[in-house]
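Here are some notes to read alongside the model. Keep the structure open and look up each residue as it comes up.

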Amino acid sequence: MTLGGVVGFVVLSVLLLTALSLMATASIALAGARLRRAGPAAERSAAAWALLAPATLTLAVIAALAIRGSGTIDHCIGHDHHAHLCFAHGGAWLARPLAIALAAASALTLVLRLAGVAWRRIQTGAAIADVRRVAECADRVRIVQSQRVFCFVAGHRKPEVFVSSRAWEALSADEREAVIAHERAHAAQGDLWLGALIDVASVFAAPLAGAWLRVRWSDAGERLCDARAAQHTAPETVADALVRLCRAGHVQHVPSGFTPRSEALEHRVRAVLASGPIGSELHPIAWCLAAVAIIATAVFATHLHHAFETLLG
Amino acid sequence: MRALGELEERVMTILWDEHPLSVRDVCARMKRSKLAYTTVMTTLDRLHKKGVLARTKQGNAFLYLPAIDRSEYQRRVVETALGPMFEQGAAPVLAAFVDMAAEVDESNLARLERLIADHKRRK
């Protein structure tokens, strides 16, 4: 394996990732209204796929090209007019300062961003461990002594619902049920694991697109859990709980907390009261499309290989 | 402040329930643990240095008493643990019922409350 070959493949990976990520993001933006009508489950899974698919497909393309290039037949002999996407004969990439700079900068950015995600996860894990130690068990939740207004679910192996004492006191018995149902819906649909995967996938997405899709995924997830909580209680109870928690935080002038911004709160309240369709997740369709794309990549590896070489010059 | 260790927490639980106590008193109340006198003394000294215990000298021995009550300790631990996350708006790390830090307008809250009330009336 030559260093030049690695540079070539890294450059191709960056360009492919960026292009696929932008295409996926644009598709979600264009289908925004239709996805909203389909329901939060469809919206959420579309955002998740838009984050996960580019990285998966890029990996498949690179793997197919690498396998194609490592065969016994030396494909590079036939065309020496441009730099080869080949681990054995990719030395020409080292003569391209721009390619080296792009590969180095991308690799460094990727490593730093992945380290950032890992560091935040470690910090959060330590913080939750501390909170768990001092929280008091009560009525299926852990009450956390705090003047802030928050409630969340945490713990990958054994998810637990944490509610601040201030939030707990602000809620009526029915609203408490709604909050617990919402949090349990997060745990039941695997948001804690999926969130970690989405965070990693966001690192590989095009700049800004990753953050935008992450917010879309998160917002739709909240509305989906609101809808599931409404099935356990009532839409008005969930809406009441949302507004009450925001008011409890607002009245105390808590500078920040897990309180929704004005438009997000209104969106969620209106969505839960409308009791629209939850929608179905896009998993079967998305899996089929991904499988077709990966198989096509493998079948047309040779043509792809030459197309990318010609494109990259 | 970070959460106390297991032994520290057990010592604090004893002192929150009853104080002031000397090292020997604390040892006597932890008889089942069979901890060495010096272990308890070191733990109490560490807790004093952390600021969660106060102490007064009586003869040759120190008498220990909590410098903060249990709920204040809990509040401080929670603030240290979650405070930075709230400030940075890192809610997506946790699956929260309500997330995204920002101010919510009072008139908007009142409008939403009217909207919910209207919805209830129509049902």
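The points below go from the whole chain to one strand and then to one residue.

1. Some ground rules. This is a predicted model, where local features need pLDDT of at least 70, side-chain atom pairs count only at pLDDT 80 or more, and totals for chains, interfaces and linings use all residues. Residues are numbered from 1 along each chain as its sequence is written, chains are lettered from A and ligands numbered from 1 in the order in which they are written, and side-chain values use heavy atoms, with hydrogens and water left out.

2. The overall picture. Chain A has twelve helices and four strands; helices (H or I, at least four residues) and strands (E, at least two) are DSSP runs, numbered from the N terminus. Along the principal axes, the C-alpha atoms of chain A fill a box of roughly 75 × 40 × 30 Å.

3. Of the 313 residues in chain A, 51% are buried, meaning under 20% relative accessible area with a 1.4 Å probe, protein chains only. Take the contacts (heavy atoms within 4.5 Å) between residues at least 6 apart in sequence: 74% of them join residues at least 24 apart.

4. Now find strand E4 of chain A, residues 160-164. Is E4(A) enclosed or open? Five of its five residues are buried, so E4(A) is largely enclosed by the rest of the structure. In a regular strand, side chains alternate between the two faces of the sheet. Both faces of E4(A) are covered, with A:Glu160, A:Phe162 and A:Ser164 buried on one side and A:Val161 and A:Val163 buried on the other.

5. Which strands pair with E4(A)? Strands pair if DSSP finds at least two bridges between them. E2(A), residues 141-144, runs parallel to E4(A) with three bridges, and A:Val144 stands opposite A:Ser164. E3(A), residues 151-154, runs antiparallel to E4(A) with four bridges, and A:Val153 has A:Val161 as its bridge partner.

6. Finally, A:Arg142, which lies in strand E2 of chain A. Is A:Arg142 buried or exposed? A:Arg142 is buried, with a relative accessible area of 16%. Its side chain makes a polar contact of 2.8 Å with the side chain of A:Glu160; a polar contact is a pair of N or O atoms within 3.5 Å, and within protein one must be able to donate a hydrogen and the other to accept it, while residues adjacent in sequence count only if both atoms are side-chain atoms. Leaving out residues up to four places away in sequence, A:Arg142 touches several others, including A:Arg132, A:Cys137 and A:Phe162.

How values were computed:
Buried means under 20% relative accessible area, exposed over 50%, partly exposed in between (1.4 Å probe, protein chains only).
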